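Subject: A structure for you to look at

Hello,

Here is the structure I promised to pass on. Please open it first, and then read my notes below with the model beside you.

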Amino acid sequence: SCGKGAKASGEGNLAGFLKLFHAELNGEGLEAFAKERKFLSTETMQDWGVGYSHFNHKWYVPGYNVEGNLCQLYRYTKLGDKMRLLATPTMDHQIHGMSMWDDKKETIYVCEGPFDGIALHEILGKTKLTDSGYMLTANYNKSLLKEANVIAVPGANVFKESWCKLFKAKHVVLMYDNDHAKKNKQGNAISPAGITGMKRVAAVLTETMETPASISYLCWGEDGYDLSLPD
């Protein structure tokens, strides 16, 4: 109603407004936020578009479509007893990390949630593979990130068929959470969200006309989860 981001016709344009809102976000407090999330620095958070709003004192993480256009903002806020990323209502879910997409790279790591994506992106950019194993590097051109894109989906149950075109002829590595098996109120076992989500994505990608070159997944344990590690 304020007219910001409106189309030429004067009609509202929520995607346009979100771009303007994101442009007004700043990096104030990023160091403390990085420490809270256990990142090594603020650099990758900034690359992924994480920003703070003075309007409502909330953190935001952008979502992008397959063309790399920002068309969703996720607000980081407390819901119940946990911190959650909530999508802007009425707007479709989108992909995190597409602002740095390089179509020439042959490998795509797909994480569950932007904070895992940021962590993996950060580590790959500081690691190289040698004859002696993995070692630290300050040279991007020698790092594992040189040949790989890192993106993230908003959740284990979110994957759109329209995203499949990104993965055509690529080597896809699915990196979802270590969700433990649980039971419902009737005592019946519920399939863990992480492994179930990866199976669903693999099925979608193998049924599309734009098939990946390969699909791998992070196997936490024999049943898709590891009870010796946190849920």
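Two strands are said to pair if DSSP finds at least two bridges between them. Please also keep in mind that this is a predicted model.

One of the bridges links C111 to its partner in β8, A152. Strand β5 also has five bridges to strand β9 (residues 171-175), again in a parallel arrangement.

Next, have a look at helix α1, which spans residues 14-23. Its buried residues are G16, L18, F21 and H22. What do they pack against? They meet three strands: β1 (51-53), β2 (58-64) and β3 (70-79). In general, an α-helix has 3.6 residues a turn, so residues three or four places apart point the same way.

Exposed means a relative accessibility over 50%, and A23 has 58%, so it counts as exposed. Between A23 and G51 there are 28 residues in sequence, yet their C-alpha atoms are 9.0 Å apart in space.

Finally, some notes on the protein chain as a whole:

- Its secondary structure consists of five helices and twelve strands.
- A compact globule of 231 residues would have a radius of gyration near 17 Å, and the 19 Å of this chain agrees with that.
- The C-alpha trace spans about 55 × 55 × 40 Å along its principal axes.
- Of the 231 residues, 41% are buried.
- Taking contacts between residues at least 6 apart in sequence, 62% join residues at least 24 apart.
- The chain exposes about 13400 Å², with carbon and sulfur atoms supplying 51% of that area.
- There are 26 positive and 27 negative charges, and the mean positions of the two sets lie 3 Å apart.

I hope you enjoy exploring it.

Best wishes

Conventions
Residues are numbered from 1 along each chain as its sequence is written. This is a predicted model: local features need pLDDT of at least 70, side-chain atom pairs count only at pLDDT 80 or more; totals for chains, interfaces and linings use all residues. Side-chain values use heavy atoms; hydrogens and water are left out. Helices (H or I, at least four residues) and strands (E, at least two) are DSSP runs, numbered from the N terminus. Buried means under 20% relative accessible area, exposed over 50%, partly exposed in between (1.4 Å probe, protein chains only). The radius of gyration is taken over C-alpha atoms; the globule rule is 2.2 Å times the number of residues to the power 0.38. Contact means heavy atoms within 4.5 Å. Accessible areas come from the Shrake-Rupley method with a 1.4 Å probe; for residues, only the protein chains shown count as cover. Lys and Arg count as positive and Asp and Glu as negative; His and the chain ends are not counted. The place of a charge is taken as NZ of Lys, CZ of Arg, CG of Asp or CD of Glu.
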